[in-house]
Amino acid sequence: EAVDKAVFNNVSRTPVDVELSAEKIFDGKAPTTNEFEFILAQKDAAGEYKVLQTVNNDGKAVVFEKLTFDKAGEYEFVIDELVGENPDVVYDKAEYGVKVIVEPDKDSDGYLTTVVYTNEVGEAVDKAVFNNVSRTPVDVRLAAEKIFDGKDPQTNEFEFTLAQKDA
């Protein structure tokens with residue numbers, strides 16, 4: 001039997017939103033909101049990472065704006081904490097990889113997503129966690145010796161002042 005026309009039922013798939021996130025810990029607890037800054041960068045076709053978003057923490061939560069995917073594929077991202085200017089903080093320099101896998105849903109006109117977070121050695125982790133700590137204060141003991149005309153002075157004969165030079 002001859003077929004005089006072919007009929008295709010193309011389905012336009014509904015885009016899917018994905019929200020990537022991380023967790024921030026400072027000295028073992030949730031930090032003050034907006035205390036730390038993070039970037040989300042996406043790997044492009046040339047293998048270079050381009051910064052998509054910069055956000056601040058909201059307590060322990062670091063939540064990036066939703067990303068919308070309208071094509072199946074694998075998408076690669078990194079999450080980094082930007083090193084701040086507070087000299088009293090030791091910043092976590094970890095970098096987490098994030099792979100978003102987008103596949104057509106066989107049971108609907110949408111997509112299914114899988115999000116995989118990895119640490120710096122490529123091991124899968126439950127989430128990206130950045131840990132900062134306060135610098136440990138250092139105690140310093142200063143000592144001086146006074147020699148006067150080649151001999152030791154009498155106790156309390158001289159007075160010394162310790163002053164801090166402007167930084």
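Is N34 buried or exposed? The structure examined here is a predicted model, in which local features require a pLDDT of at least 70 and side-chain atom pairs count only at pLDDT 80 or more, while totals for chains, interfaces and linings use all residues. Residues are numbered from 1 along each chain as its sequence is written, and side-chain values use heavy atoms, with hydrogens and water left out.

N34 counts as exposed because its relative accessibility is 52%; exposed denotes over 50% relative accessible area, buried under 20%, and partly exposed the range in between (1.4 Å probe, protein chains only). This residue is located in the loop between β2 and β3, where strands are DSSP runs of E with at least two residues, numbered from the N terminus. Although N34 is not a glycine, it has a positive phi of about 65°.

D27 also has a positive phi, of about 50°, and is not a glycine. D27 lies in the loop between β2 (21-26) and β3 (37-43). With 35% relative accessibility, D27 counts as partly exposed.

Beyond residues up to four places away in sequence, F69 is in contact (heavy atoms within 4.5 Å) with P15, V16, V18, Y75, F77, V100, V102 and Y111. In soluble globular proteins, nonpolar side chains tend to be buried together.

Definitions and conventions
Helices (H or I, at least four residues) and strands (E, at least two) are DSSP runs, numbered from the N terminus.
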